[in-house]
Amino acid sequence: MASARILAVDDSPTILEMIKAILLQGGYEVITAMDGAEALETARAEMPDLILLDVMLPKLDGYRVCRLLKFDQKYKGIPIIMLTAKTEEQAMATGIRTGANQYLTKPIEPERLLGAVAEELQKAQG
Amino acid sequence: MVNDGSSLSKDLTPEQFKRFRDYIHQHSGIYLEESKSDSLRISLITRATRFGFAALDDYFKLLSTDESEFNELMNLVTINETSFFRFPAQFEALRQFIVPEIVEAKPETQRSFRVWSAGCSTGEEPYSASMTLLDSGLEGLGYKLEVFGTDVSTNALERAKAGVYPSRALLNIPHSVATRFFEPTPEGHRVADRARRLVDFQFHNLIKEPYPLGLMGNWDVIFCRNVTIYFKLESTRRVVDNFFNSLNPGGYLFIGHSETLTSISDRFEPVEVGGVFLYRKPQQRHTSFARVVEQRRGESRRPLAKQTDAAVRVGRRDRVRSAPPGAIVDERTGVAEKADIPGLIVSARKASEEGRSKDVLKIVEDVLAVDPSNAEVYLLAAYSHADSGDLQTALEECKRSIVLDPLSAAAHYVLGIIYQRQSEPERALQEFRRTIYLDADFVLAHFNMANIHRAKGVKLEACRSYENALRSLYRTPEGEWTWFLGGFRPDLLAQTCERSLLECRKKA
Ligand SMILES: C[S@@+](CC[C@H](N)C(=O)[O-])C[C@H]1O[C@@H](n2cnc3c(N)ncnc32)[C@H](O)[C@@H]1O
């Protein structure tokens with residue numbers, strides 16, 4: 001089976017490189033985007049198997065990108081993992097939902113990231 | 001002169017048409033095309049006959065002096081066509097996307113959600129908005145919901161307030177909505193009290209400026225659908241401008257699905273939500289602190305003015321209340337004391353790590369009020385702005401920081417990152433070189449240089465930089481640069497370098 005294709009989105013080139021390295025190590029194919037608008041466009045054009053989405057993004061923040069995709073019949077099936085700092089997770093507790101499949105809090109550890117990716121991919125297939 | 005109307009000429013001459021058209025246009029913004037001449041004629045004759053005028057010119061005299069008669073005529077002229085949940089995708093977008101987005105950005109203390117339906121006709125639109133808000137679950141979170149409907153047609157407003165509709169008005173709405181939000185009465189289907197109590201109606205002419213204060217501000221969403229279609233372009237521009245000013249930052253304007261803001265306003269940001277185009281008022285852009293200080297410098301030639309200004313600015317009550325934890329703020333003046341600055345910077349860094357840009361900027365402002373040449377907080381501001389995508393302001397703050405402290409490796413590194421994100425690799429490389437010149441073991445500068453070289457296809461240079469990064473990393477596994485790792489562990493950076501190095505060597 002072809003390896004899953006993952007869209008990784010982060011505005012920091014440094015962090016994007018590191019996430020990319022982890023995913024490549026996990027045997028995944030990786031495409032990237034650096035802001036919310038680019039993420040949306042790439043997601044729509046490329047139909048990735050999963051999206052790793054940072055919350056703090058220029059142009060459109062991660063929450064909005066997530067909601068826009070989850071709102072759309074065509075894309076709502078793509079699993080989305082949001083990468084957040086602690087306070088953002090607290091913000092989630094206000095009861096407003098983005099429809100993301102999972103939240104990973106920073107600092108991100110490679111094993112945890114790969115674990116979450118594998119889990120969501122499996123769920124999406126099953 | 002007064003007769004039973006039988007002698008009223010039933011013709012509307014082109015001159016008369018123009019006269020009425022221009023008057024209506026001037027006073028309501030509605031511009032009637034030639035093709036509407038006949039329907040205008042019928043409306044005019046209906047009204048003129050009622051007063052027994054022998055000539056339409058006589059009716060014009062009344063019309064131009066009597067505002068209530070003008071409103072009567074407008075009731076006939078405007079077309080009040082509307083329906084519940086007209087273009088349902090917009091209401092779906094409101095419930096599922098707009099409401100959560102706006103609420104999330106609102107400060108904890110501001111628990112209200114306000115919708116204005118401008119040109120609400122007989123009320124279907126504001127009631128639909130009310131039902132949508134009720135279904136969004138906001139009330140459960142303690143939000144106060146308000147919907148306001150305005151129109152120029154007093155007839156339409158009467159019917160809107162009555163809120164009783166014939167069966168055919170409910171034909172196209174989901175059964176569950178019909179059963180939950182309407183109750184049958186002998187007169188028709190009455191909007192249930194729970195949906196009704198959010199809604200208020202008022203007469204308002206969108207063309208008449210200035211708008212009453214109550215309308216000018218604090219709206220989260222404005223509907224103005226299928227209203228401006230008869231307006232002249234210039235009037236529409238003014239109306240849309242007023243909407244822009246009345247919306248909260250981040251608020252949305254809903255227009256008819258066949259309408260567009262192209263060539264009307266470029267102040268809004270078009271957003272596509274599941275096939276629906278909506279218009280968002282952008283969140284405010286920041287002015288750089290560097291620029292504010294420049295301005296203050298200018299003012300300081302009038303020393304007194306500067307002092308009061310600063311005191312007023314920092315001394316505001318809300319500023320005192322919002323002071324970050326750890327800051328000691330003088331009760332009387334609200335000004336932070338110089339000795340607290342290190343503590344403030346620690347909390348700013350923590351806020352920055354946790355992505356709380358707003359808090360960072362607040363602390364920066366507090367520090368600069370006491371110490372306007374603190375290079376470190378300028379750098380923190382730069383980093384925060386870059387984080388929220390405002391690269392231009394970030395650049396200004398960062399340059400300011402470098403002017404104040406030219407030997408800061410971190411400041412050159414941040415400048416490099418900003419250039420990198422602005423797609424200026426050469427400038428970025430130069431700043432990373434400067435960073436390394438100031439701190440040879442600034443691992444991330446080596447790492448980002450390597451990435452830029454690799455992207456340019458300069459494999460040998462890339463390999464060298466990855467090697468340098470690894471060497472520095474082993475030498476000094478922790479340094480000023482670790483802070484910029486965004487919560488990732490340095491060993492992950494080592495793995496990334498090793499992996500990239502292997503790849504580059506393969507291809508080189
Ligand atoms: C076709 S209806 C649209 C109703 C509703 N917004 C919808 O889309 O279903 C147009 C409404 O705009 C109102 N209108 C026209 N000119 C106006 C003005 N200058 N100020 C306020 N309302 C106006 C009319 O009275 C009419 O009720």
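Two strands count as paired if DSSP finds at least two bridges between them. Helices (H or I, at least four residues) and strands (E, at least two) are DSSP runs, numbered from the N terminus.

The model is predicted: local features need pLDDT of at least 70, side-chain atom pairs count only at pLDDT 80 or more, and totals for chains, interfaces and linings use all residues. Residues are numbered from 1 along each chain as its sequence is written, chains are lettered from A and ligands numbered from 1 in the order in which they are written, and side-chain values use heavy atoms, with hydrogens and water left out.

**View 1. Strand β2 of chain B and its two partners.** Strand β1(B), residues 112-118, pairs with β2(B) in the parallel sense over 7 bridges. Within this pair, B:Phe113 has B:Leu145 as its bridge partner. Between β1(B) and β2(B) the chain passes through helix α6(B), residues 124-135, in a right-handed β-α-β crossover (with the strands pointing away from the viewer, the path from the first strand over the helix to the second runs clockwise). Strand β6(B), residues 199-203, also pairs with β2(B) in the parallel sense, over 5 bridges. There the bridge partner of B:Asp151 is B:Phe203.

**View 2. The ligand and its surroundings.** The ligand is surrounded by 22 residues, and the closest are B:Asn80, B:Thr82, B:Arg86, B:Asp151 and B:Asn226 (near: a heavy atom of the residue within 4 Å). Polar contacts are pairs of N or O atoms within 3.5 Å; within protein, one must be able to donate a hydrogen and the other to accept it, and residues adjacent in sequence count only if both atoms are side-chain atoms. A side-chain N or O atom of B:Asp151 lies 2.5 Å from an oxygen atom of the ligand. For B:Thr82, a side-chain N or O atom is likewise 2.5 Å from a ligand oxygen atom. A nitrogen atom of the ligand is 2.9 Å from a backbone N or O atom of B:Ser28. Of the 600 Å² of accessible area that the ligand has on its own, the protein covers 97% (Shrake-Rupley method, 1.4 Å probe; for residues, only the protein chains shown count as cover).

**View 3. Helix α4 of chain B.** Helix α4(B) covers residues 67-77, and its buried residues are B:Glu69, B:Phe70, B:Asn71, B:Leu73, B:Met74, B:Asn75 and B:Val77. These buried residues pack against α1 (14-28), α2 (37-51), α3 (56-65), α7 (154-162) and β6 of chain B (contact: heavy atoms within 4.5 Å).

**View 4. Strand β3 of chain A.** Strand β1(A), residues 5-9, runs parallel to β3(A) and is joined to it by 4 bridges; A:Ile6 stands opposite A:Leu50. Strand β4(A), residues 80-84, is parallel to β3(A) too, with 4 bridges, and A:Leu83 is the bridge partner of A:Asp54. The chain crosses from β3(A) through helix α3(A), residues 62-71, to β4(A), and this β-α-β crossover is right-handed.

**View 5. Chain A as a whole.** Chain A has 5 helices and 5 strands, in the order β-α-β-α-β-α-β-α-β-α from the N terminus. Of its 126 residues, 60% are buried.

Conventions:
Buried < 20%, exposed > 50% of the residue type's maximum accessible area, 1.4 Å probe, protein only.
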